[in-house]
Amino acid sequence: MKGKQLRALRNELISDLDLPTSATTELVCVRICEVMAQRLQLDIRLRFDDLGHTGMSGLWAQTNDGVHVIIVTTTRSWLHRLLILLHEIAHMLCGHTPMQMQADESNKILFPDVSPEMLRILAGRTSLSPREEREADRVAGFLTRGLLDWARQRQQGNDPFEPSADDAVGRLSLQFGYSPQRSPR
């Protein structure tokens, strides 16, 4: 996507989120999935789960009956969870292909108690290329900056996405603009 397309997309998504000024990062995560489900006319389910020692922080998959599942780790701050979610959403926006799950895998994902071992198996089956991962990082970074700008304008200095004092990842993400490459504003 070009800068102009990304700006338009970012502005549309933020408008569609229709967030109150008191929105928490958790509410932003939920609303992003609701808005994307409406925009893409997909059944999108968001889960926060402890991904254990899988080396993964998030994943996007599609079940054999067409449900899109996004799983985001619970072992990070809400700001970091938002960044992970935006990366997975960016894959959708870029038209990348989700990992496909079989019926037994779908049941384990959509229903309780996903084991880290099962997630490790699923993660090994992703077909996304390094180029697609970089593209998703760029789009997610652009969306993140838009949301942060929105929050700063609406909150007038009381930023709901501001990382806590112990959230080094969040502080670094904000400091460096999250995206591996700066996109035009």
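Below are my entries, from the whole chain down to single residues.

**Ground rules.** I'm looking at a predicted model, where local features need pLDDT of at least 70, side-chain atom pairs count only at pLDDT 80 or more, and totals for chains, interfaces and linings use all residues. Residues are numbered from 1 along each chain as its sequence is written, and side-chain values use heavy atoms, with hydrogens and water left out.

**Overview.** I found seven helices and four strands in the chain. Helices (H or I, at least four residues) and strands (E, at least two) are DSSP runs, numbered from the N terminus. Reading from that end, I get α-α-β-β-β-α-β-α-α-α-α. Of the 185 residues, 49% count as buried (under 20% relative accessible area, with a 1.4 Å probe and protein chains only).

In what order do the strands of the open sheet sit? I read it as 1-3-2-4, with mixed pairing. Two strands pair if DSSP finds at least two bridges between them. Strand 1 (43–49) and strand 4 (99–100) are the edges, each pairing on one side only.

I then went through the pairs:
- Strand 1 and strand 3 run parallel, joined by seven bridges; aspartate 49 has threonine 73 as its bridge partner in strand 3.
- Strand 2 and strand 3 run antiparallel, with five bridges; here leucine 59 partners isoleucine 71.
- Strand 2 (residues 58–62) pairs with strand 4 in the parallel sense over two bridges, and alanine 61 stands opposite methionine 99.

**Strand 3.** Is strand 3 enclosed or open? Seven of its seven residues are buried, so strand 3 is largely enclosed by the rest of the structure. Val67, Val69, Ile71 and Thr73 point one way, while His68, Ile70 and Val72 point the other.

**Hairpin.** Between strand 2 and strand 3 I see four residues, and glycine 66 in this hairpin takes a positive phi near 90 degrees.

**Helix 1 and helix 2.** I checked how helix 1 (residues 3–17) meets helix 2 (residues 25–40): their axes come within 9 Å and cross at roughly 110 degrees. Axes are lines fitted to C-alpha atoms, for helices over the stretch in contact, and angles run from 0 to 180 degrees between N-to-C directions. That makes the two helices roughly perpendicular (65 to 115 degrees). Among the residues that meet are Leu9 and Leu13 from helix 1 and Ile32 and Val35 from helix 2. I note six nonpolar, no polar and four charged residues in this contact.

Notes. Angles under 35 degrees count as roughly parallel, over 145 as roughly antiparallel, 65 to 115 as roughly perpendicular and the rest as oblique. Contact means heavy atoms within 4.5 Å. Ala, Val, Leu, Ile, Met, Phe, Trp, Tyr, Cys and Pro count as nonpolar, Asp, Glu, Lys and Arg as charged, and the others, Gly among them, as polar. Buried means under 20% relative accessible area, exposed over 50%, partly exposed in between (1.4 Å probe, protein chains only).
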